[in-house]
Amino acid sequence: MSAPISPKKALAEWKLYLFLVPSLILILLFSYYPAISAIYHSFFRWNGGESKEFIGFQNYAQIFNDKIFLQSFLTIGILIVANLLKLIPSIIMAVFIHRLSSTKFQYWYRVLLVLPMVVPGLVTLFIWKFFFNPNLGALNYFMEFSGLKTLLVHLDQFFGWGGIFLNDFPISWLGEPQLIVPSLIIWGFPWIGAVGVLMFIAGLQSIGTEIYEAADLDGIGPIGKFIYIEFPLIITQIRVIVVLMMIGTLQSFGMQFLLLGENGGPGGAGMVPGLWMFNRAFIAGEFGYACALGLCLFVVILGLTFINNKFLRVEK
Amino acid sequence: MILRKQSAPLLPWLSSACPCNVFASFLLVFALFPASSLHSESPLSEKNQTPWRNASVFLFNDAYAGFVKNADSADPMNRLGQAATLLNTQPRTSQNIAAAQEILLDLSQNPSPHSTLSKLSRFLLARIEENYLTPPQLGEAKSRYLEIVKDKTGIPLLELSASRLVALTTFAKDKPSENLAALAALEPLAGFLTTPEGTREFHLAMGLAILENEGDPNLVLSHLIKADKIGFRRKENVIHNWLVIARLSEKIGNKNLATEYYQRFINNFPNDPKTFGIQHRLTNLTKNGAN
Amino acid sequence: MNTPAIAKKPNKDFWKHGAILALLALELFPFYMMLQISFKDNKSFVQNTWLPSLPTEWLWKNYWDAMQLLLPYISNSMVVSVSATLGTLFFALLGAYFFARYKMPLSGALWSGYLILMLLPGVANIVPLFALLKSMNLLNTLLALIILGAAGGQVFCIYVLRNFIEEIPKDLFEAAEMDGASHFNQLWNIVVPMSGPILGTLAILQFLGNWNEFLMPLILLRDPQLFTIGVGLIYLDGEYVKDWGNIMAAFTVASIPLVVIFLFTMRLFVQGLSSGAVKG
Amino acid sequence: MEQTNNSRIWNLIGLGLVIIFFLVAAIPMVWKSFTQSLPTDSKEITIRFAHWQLEGGVRRAFDLAAAEYTKLHPNIRVEQLAIPDKIYVNWLITQLIGGTAPDIVQMGKGMSDERTTRYFLPTSALSTKPNPYNKGTTLENTPLRETFIDDMESVFSTTLLDHYGVPLSAFTLRMYYNLDLLQEITGSTELPATYGQFATLLKQTTEFSQKTKKRLYHIAASGDNAPSLIDKVFRSQTGKLGDGLAYDFLPSTRPPAAHLGMAFANGEWDFNEPSMRAAVTLLRHLGSHLQPGFMQVSRDDAMFNFIQGNALMMPGGSWDYSSISAQADFPVGVGMIPTPLPDEDSRWPFSEGIISDESTNASVVMAVTKESRHSEIAQDFLLFLCSLATNEMWAQESGWLPAVRSAKIGSESQSFMPNLNGFTGGFSPGFSGADTKRVVQTSIGLAVNPNGSVDKFTNHLNSEFRNALASDLERNAIAAKINSQRADTVSLALYVLSQNGDASAADKLAIQLEGMSATDRGYQLGLQAIKLLK
């Protein structure tokens with residue numbers, strides 16, 4: 001903790017405030033000012049230019065009738081749940097690496113894990129987009145090769161999905177409204193996040209070898225070890241990752257924008273709240289409404305964080 | 001010369017600057033020196049020019065803001081401007097429309113119910129009743145339009161009232177015969193119209209309205225030909241009128257008229273994508289005529 | 001299971017290695033595809049989708065083209081990322097020192113003011129930020145990106161550095177103060193030398209963040225001379241006729257600078273990330 | 001934190017590398033800004049223009065034109081910004097609002113009436129004077145407007161009553177052939193001229209792939225280019241039907257939605273109509289030869305298949321030619337989209353004959369922005385671009401069609417010349433707008449898939465069409481109503497200005513009056529059609 005300081009000494013140390021000034025100016029100008037300006041402009045009809053017109057709460061009233069915006073929360077909800085499940089491979093990976101006896105291997109595996117992190121995100125994104133390409137993409141090759149395609153075609157016929165999957169037709173992952181959300185979920189298979197794995201490993205390292213030995217003596221198997229020993233120790237890390245992931249997912253729209261375009265792809269099936277805000281601002285030119293949407297999003301995130309802190313808090 | 005088989009003659013209705021365009025100059029004279037001048041009645045102050053100019057290029061919110069900034073209850077042109085732009089400022093609200101209506105009602109009586117300003121206001125009021133209110137007050141709108149027509153305003157814009165009346169009658173009743181009867185009652189309105197535009201739009205509207213209700217084709221043709229005699233500025237309107245005349249006369253067996261108008265189209269628009277097909281029709285027409 | 005002493009013998013590890021390698025292979029598969037396609041043209045790619053072509057048939061021309069296209073963008077990205085990272089760290093270090101050294105009046109309120117920004121969705125700010133930069137005449141400049149990068153990293157870096165500085169023994173500072181060292185001297189002579197690894201980790205993370213940024217550059221930059229790597233890649237994706245070999249070579253070229261830096265600093269990288277510095 | 005000496009050295013090397021990279025990148029930048037800041041006093045001016053035409057050759061052609069302009073005006077540099085069309089709208093709107101828009105911008109994407117008047121300078125005043133850059137040519141004394149193939153009709157806004165921008169090119173739709181494959185299949189490189197010959201070719205292709213076991217698409221198609229193909233199929237059969245249903249069918253450039261809609265509501269036609277069934281039969285025939293799943297294939301993927309020699313044909317616009325010829329390593333043939341002749345095949349007996357190219361409108365419209373600091377120069381450059389000599393050179397370099405009359409074109413572009421010796425044809429079921437188009441496109445599989453049939457498609461459309469039509473007409477009616485409301489304010493403003501002695505306002509008003517009645521008539525008709533449909 002920082003040392004307590006008497007008011008008298010603080011007065012003498014006034015120069016210390018100068019240390020904060022540059023950072024504070026940056027924050028005030030580029031974080032606080034825009035945020036406050038967003039609140040202010042959310043009460044205006046504003047095209048981003050000179051002319052603006054005060055319209056009270058009309059923008060907010062409009063949000064509640066905005067089907068696309070409400071629908072986009074459903075989509076993002078599905079994606080968040082999917083992202084939760086997508087944490088599992090990272091946990092498995094961390095446990096595997098942790099249980100290796102060789103520290104040398106542990107280190108090199110971690111290096112290999114981090115490698116994808118330094119490849120620019122856009123490159124990864126575009127390679128995956130290429131994988132989804134109906135004609136050339138690796139995904140459709142795999143579906144054909146593994147016979148999964150045939151299975152899906154049968155399912156389609158059986159359940160009457162309306163011909164999303166047809167023999168002789170390449171699956172159009174990003175071209176069919178019904179397939180867009182599944183595509184976004186498949187995205188990034190096998191879903192190993194380097195940061196997550198490393199943090200889990202860090203958490204696991206606090207387990208002493210004697211605990212494992214004791215567990216072995218009690219005849220606890222590998223799965224039991226995970227449930228009784230390892231999982232409780234990384235629950236803090238999981239919680240942190242979940243919170244970061246939820247906030248990140250709620251805010252994110254770059255991927256949807258680059259993959260599906262500003263309208264969220266065919267049928268708008270990939271529309272997420274952030275993208276809708278972006279769309280209203282930079283496509284429709286309704287900046288005031290976009291500000292209101294952004295604030296709405298902020299409130300949702302704030303609420304989620306609050307709930308999280310209140311109910312998901314895990315004592316260290 | 002590519003894309004065109006031959007150089008098209010300079011089409012009068014396409015070129016506003018063409019000196020041979022008698023109609024255009026006629027029109028300009030009318031527009032600048034009308035029977036009763038709005039300019040002399042209520043002059044346009046310098047500072048209101050920019051808002052009016054904004055209103056003329058669709059920048060309604062800017063225009064309205066400009067009028068409000070210069071607001072002056074003694075300046076009728078400013079108030080007219082406020083009312084006119086209120087109709088289209090974003091967002092459209094019923095309050096805006098009501099406010100515009102209030103201003104216009106006042107302007108229609110003050111300073112004088114016979115001024116050009118009053119006529120313009122009443123025309124806008126009729127438009128509001130017809131096209132802005134939910135549900136529309138068509139009865140009021142009709143009586144206002146009729147009143148304006150009978151005023152013999154000599155202003156092309158206001159003479160559109162006659163064609164508005166035709167439009168409001170076209171589908172008013174479910175039975176075409178009733179509509180036709182109501183349309184026939186409007187025929188005398190032509191006598192009140194003095195400007196070429198007003199007359200042309202009235203005849204065009206009448207012709208098409210009768211056609212919609214499957215009335216007498218010859219009556220339709222006479223209306224459309226009257227409109228055609230006055231002429232149009234836009235190419236698409238010329239084409240529309242000529243081809244409706246030609247097709248209708250072909251249908252009722254008036255081969256001469258059909259041939260005349262098809263031929264006119266071919267002569268004037270040799271490079272239109274439709275020309276080939278129309279030439280084909282014309283050939284068929286004359287072939288059958290020979291039989 | 002019944003012989004705990006040899007529980008961690010390699011033969012048991014064998015399966016773990018297998019599983020890890022399988023997962024890693026899947027994870028790295030996209031980059032394998034990127035590399036092997038980058039040496040092909042469309043024709044050989046269609047004929048032979050999965051395997052690398054013979055080294056004698058490698059099309060180095062793809063790389064030549066990609067370099068010509070991307071080097072200016074990479075150079076812009078380099079300037080922006082390095083400057084923004086330096087700015088972030090310098091100002092954050094100053095700020096963190098302020099918070100860590102003493103509990104100055106108001107510092108509690110200011111601290112909350114920083115923390116709440118973590119929750120603010122970046123997207124909500126884009127629009128007013130755009131208007132702000134417009135009024136500052138910074139649209140279509142790299143300086144805007146540098147400033148935004150420096151401002152954006154403040155909260156996180158100050159948070160991490162404050163925790164770190166607070167853990168430095170207080171007597172070190174006190175001794176220096178006795179010698180009449182100014183705060184800046186204390187920061188420079190005590191904090192900086194001790195925080196090498198944490199600064200390194202933060203630098204890497206900030207650098208990565210700036211390097212990957214594409215939305216603000218896309219919105220703010222107009223002139224191709226100023227494009228950063230992200231914008232360059234998006235423009236490349238917008239071409240109508242796709243020469244996949246060329247595109248993949250461009251992707252590789254875009255990745256090279258960071259991979260090279262990574263090769264030298266990977267220990268720092270891995271340790272930094274593992275140490276939980278980013279726990280937030 | 002234990003750090004071995006070794007890893008510290010590595011880290012330092014890494015740091016050193018970053019510094020070297022940084023310096024290499026930053027020094028030239030600083031140097032440049034330093035040296036550039038000096039001669040800014042000299043009158044070097046940069047004009048920028050933005051467009052989304054990333055097709056091969058076009059950028060080169062623009063560069064060439066820019067260089068020519070700089071030759072004439074050594075102090076002016078012209079720079080092009082080629083923006084991918086996927087981000088063009090967002091890019092343009094951002095630049096317009098940010099006040100950083102380039103001097104000249106390609107119009108067409110993301111435009112509204114309000115944006116057009118707010119951000120762009122009209123070219124109406126220029127259009128009546130001759131283009132100074134046409135001096136010494138046959139167009140020397142021709143007003144600018146008449147130097148274009150469409151008399152600048154395509155850049156005239158019927159709502160704003162002004163011309164905005166000038167066009168540079170014209171587009172037509174064609175069928176591309178892989179001549180090597182064609183030679184292999186038919187033994188000659190002669191392109192089919194009629195649908196009958198086309199059908200024979202398709203049959204031969206099927207036999208060819210069976211014989212050689214070669215996996216070959218007959219027609220590489222995408223969701224981008226197939227809809228216009230489908231349109232053409234319907235239009236080839238429904239000419240007489242349309243003419244019988246609506247008196248304004250022939251005069252309109254587009255099928256009159258309200259009248260066709262009313263006729264549908266009155267039960268005067270549906271998809272069991274013999275001509276509609278013939279059209280669907282034709283569609284089924286053609287569709288079975290299109291690349292499977294074509295509605296979901298993207299434009300570049302279809303193109304990829306064609307260029308790789310995986311497909312014999314590809315429908316595409318004239319705009320695709322430059323990209324194709326640059327990429328394909330086989331000779332490319334360009335033919336009309338074949339339409340059936342009358343009496344050619346009893347399965348589609350309603351054919352009138354060859355369907356002509358839909359319009360002769362010019363496109364690739366460039367306009368000067370109001371915010372441009374050098375709008376005079378920008379306008380001058382625009383005039384230079386659309387002068388006879390420059391447009392001719394631009395067209396030959398890009399392989400695109402010129403927009404200027406009497407511009408000579410290369411022999412390659414001859415096959416893209418709009419064909420006017422044909423019928424305009426009938427209507428496609430997607431005539432009324434987005435919703436009917438959607439219904440047709442989403443159910444196209446019922447017509448073309450192996451397990452589909454003509455009946456499946458027509459039955460489906462008979463049941464789905466009514467609602468889609470109603471919602472389209474409703475949307476059109478709302479648009480017409482708003483247009484007519486805006487016309488009220490505008491016409492009054494024009495009248496007031498004309499009374500104040502503004503001659504151009506008087507002129508605009510005269511045109512506006514024609515438009516007002518027509519818009520209102522469209523609105524009334526739409527309302528009537530909706531009433532009947534419900």
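## Contact between chains A and B

The contact between chain A and chain B draws five residues from chain B and four residues from chain A. On the side of chain B that touches chain A, these residues divide into two nonpolar, two polar and one charged. The model described here is a predicted one, and the values below are to be read with that in mind.

## Contact between chains A and C

For chains A and C, the contact takes 84 residues from chain A, while chain C contributes 81 residues.

## Fold of chain D

Chain D has 19 helices and twelve strands, and its C-alpha atoms fill a box of roughly 80 × 75 × 65 Å when taken along the principal axes. Of the 534 residues in chain D, 55% are buried.

Where contacts in chain D join residues at least 6 apart in sequence, 74% of them link residues that are at least 24 apart.

## Confidence in chain B

The average pLDDT of chain B is 83, and 86% of the residues in this chain score at least 70. Over residues 1-35 of chain B, however, pLDDT stays under 50, and for this stretch the model has 55 contacts beyond four places in sequence.

Note on methods
Residues are numbered from 1 along each chain as its sequence is written. Chains are lettered from A and ligands numbered from 1 in the order in which they are written. This is a predicted model: local features need pLDDT of at least 70, side-chain atom pairs count only at pLDDT 80 or more; totals for chains, interfaces and linings use all residues. Two residues are in contact if their C-beta atoms, placed from the backbone, lie within 7 Å. Ala, Val, Leu, Ile, Met, Phe, Trp, Tyr, Cys and Pro count as nonpolar, Asp, Glu, Lys and Arg as charged, and the others, Gly among them, as polar. Helices (H or I, at least four residues) and strands (E, at least two) are DSSP runs, numbered from the N terminus. A residue is buried if 20 or more other C-beta atoms lie within 10 Å of its own, exposed if 12 or fewer, and partly exposed in between; C-beta atoms are placed from the backbone. pLDDT is the predictor's confidence in each residue, from 0 to 100.
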